[in-house]
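Trainee: I would like a close look at one part of this model, please.

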Amino acid sequence: MRQKDDGYKINGSFKGKDIISLDQFSTKDLLLLFSHVSRMKDLAQKSKPSALLAGKIVTLIFYEPSSRTFGSFSSAIKRLGGQTVAILDPQHFSSVSKGETLEDTIRVFEAYSDAIVIRHPIAGTSKAAAEAAFFVPIINAGDGIGEHPTQALQDLYTIYKKCNRLDNLMGVMAGDILNGRTIHSLLRGLCLFKKNTIYLLSPKQLRLSRADFLRFLKQGIRLIEIESEKNIPKNAHFWYWTRVQKERFERLSDYEKVKNRFVVTKKLLENFGNTHLILMHPLPRVGEIHPEIDIDERAVYLRSQIRNGLYIRMALLALILGKLT
Ligand code: NCD
């Protein structure tokens with residue numbers, strides 16, 4: 001949405017703000033958001049829907065497939081008494097198929113709704129959408145290999161609930177560090193806090209881009225790149241596993257070479273884990289966490305991590321739409 005010059009940063013006020021990148025947040029902004037989450041959890045668990053977003057309509061326009069992000073946004077809006085206009089696969093089921101530009105599509109849907117949530121295969125598209133919108137905030141639900149800020153908010157909250165802090169942490173991120181947008185946003189979030197150390201476990205081809213690597217180091221985070229499970233530190237607070245992003249490869253054979261190079265098994269957890277860590281994954285998983293792990297209490301990917309995604313999106317929407325302060 002058209003913002004004043006300093007409007008990009010959240011700066012203590014979410015109302016009317018686009019959510020494009022974790023760079024917009026300060027530690028205070030994150031804690032403000034988190035302060036509303038337990039109330040959202042209470043609301044979600046009541047059988048009577050809340051009326052916090054009554055009369056509000058949010059457009060969900062997803063140019064890429066989605067289960068959790070689409071589902072949790074839809075549920076969050078409806079749990080708070082709001083409604084959605086859902087455009088899935090706009091390349092086939094909207095005027096995009098007739099050649100309509102992104103800018104026109106955004107300007108049309110802002111006439112119908114109070115906010116637009118967009119997922120797109122090209123990095124930078126949410127920012128372009130925000131620049132095109134005159135009246136309503138835009139929320140990035142994943143832009144190519146760029147960022148996925150709302151996933152990072154749920155991930156940061158999950159770590160915060162478990163560890164009671166977001167500084168002085170030791171974490172392991174594994175899989176597709178180069179193309180994983182959830183990782184790009186989560187690293188930005190962890191950079192906001194002091195004394196965090198992250199081990200990045202990936203094949204060489206899937207390391208973080210050098211520009212991002214240097215930029216994050218400058219912000220004070222310790223990043224240690226490793227290529228073997230043997231170098232996983234045994235005292236990590238969390239493991240954040242990810243899928244190799246098949247859709248970002250030009251050649252299937254290149255994907256086949258690196259897919260499931262690193263798989264979490266009982267043995268890996270026994271050898272390199274500890275009793276207090278949590279095992280996270282943004283999902284979907286396609287083999288990189290063995291299902292035998294699911295019953296382990298430390299595996300939060302199908303439990304609190306998922307639920308937190310709903311509550312955090314409820315709080316975020318209510319703040320952006322001016323229903324919470
Ligand atoms: C992720 C995404 O879309 O970036 N999924 C999600 O939103 N939870 C991760 C992935 O697709 O690997």
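How much area is buried between domain 1 and domain 2, and what share of it do carbon and sulfur atoms give?

Mentor: This is a predicted model, in which local features need pLDDT of at least 70 and side-chain atom pairs count only at pLDDT 80 or more, while totals for chains, interfaces and linings use all residues. Residues are numbered from 1 along each chain as its sequence is written, and side-chain values use heavy atoms, with hydrogens and water left out. Domain 1 covers 22-148 + 309-320 and domain 2 covers 149-306, bounds that come from an automatic or database domain assignment. Between the two, about 2,500 Å² is buried, and carbon and sulfur atoms give 62% of that area. Buried area here is the accessible area (1.4 Å probe) that two parts lose on being put together, summed over both. On the domain 1 side, L22, R68 and H148 supply 27% of the area buried against domain 2, more than any other three residues. The C-alpha centres of the two domains lie 25 Å apart. Counted by contact (heavy atoms within 4.5 Å), 31 residues of domain 1 meet 26 residues of domain 2.

Polar and charged pairs also cross this interface. There are 18 residue pairs in polar contact, both residues at pLDDT 80 or more; such a contact is a pair of N or O atoms within 3.5 Å, where within protein one must be able to donate a hydrogen and the other to accept it, and residues adjacent in sequence count only if both atoms are side-chain atoms. Five salt bridges are found across the interface, each a side-chain nitrogen of Lys or Arg within 4 Å of a carboxyl oxygen of Asp or Glu. E64 also forms a salt bridge with R181, with 3.0 Å between the closest N and O atoms.
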